[in-house]
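Hi,

Here is the structure I promised to pass on. Have a look at it first, then read my notes below.

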Amino acid sequence: MADDTTIERKTKVIPKVERPRLFKVILVNDDFTPREFVVTVLKGEFRLSEDQANRVMITAHTKGSCVVSVYPRDVAETKASRATEAGQRRGYPLMFTTEPEE
Ligand code: TYC
C-alpha cells in the first residue's frame with residue numbers, strides 16, 4: 001500500500017570520499033646520459049618548458065635526484081616507464097622512479 005509518510009533525518013550524512021593519492025615522478029642522476037637528451041625527454045614526456053626542463057635536469061645532476069611532477073598513480077607509472085624506456089632505446093641508463101606523496 002502507498003505510504004507517503006516522510007521520516008525526517010536528524011543527522012546529516014556526509015559521504016566520505018577520499019581524494020586519490022598523488023605520486024611523484026623522480027628523475028635520478030647518472031654519469032652517462034647526455035644533458036640535452038635528459039632535457040628532450042623531460043619536455044616530450046612531461047610537457048616541461050625548455051627552462052623548466054633545464055632546471056629539473058641540473059637539480060638532478062647536482063643533488064642526485066629531482067621531483068619532475070606529481071600525477072595520479074597510473075599516470076605517474078606510465079610516464080616514468082615511457083621516459084626510462086626512451087633512454088634505454090638509446091643505450092642510456094636514464095632512470096625515472098615513482099613514489100607516493102606524503
Ligand atoms: N649527469 C649527466 C651528465 O653529466 C646528466 C644527467 C642529468 C643525467 C640528470 C641524468 O637525471 C640526470 N652527462
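Let's start with the shell around the ligand: its residues divide into 5 nonpolar, 3 polar and 2 charged. (Ala, Val, Leu, Ile, Met, Phe, Trp, Tyr, Cys and Pro count as nonpolar, Asp, Glu, Lys and Arg as charged, and the others, Gly among them, as polar.) Bear in mind that this is a predicted model, where local features need pLDDT of at least 70 and side-chain atom pairs pLDDT 80 or more, while totals for chains, interfaces and linings use all residues. Residues are numbered from 1 along each chain as its sequence is written, and side-chain values use heavy atoms, without hydrogens and water.

Among the residues surrounding the ligand are T33, R35, M57 and H61, where near means a heavy atom within 4 Å. α2 gives the most to this shell, with 3 residues; helices here are DSSP runs (H or I, at least four residues), strands likewise (E, at least two), numbered from the N terminus.

Leaving aside neighbours within four places in sequence, V68 is in contact (heavy atoms within 4.5 Å) with residues including V25, L42, F46 and F96.

Cheers
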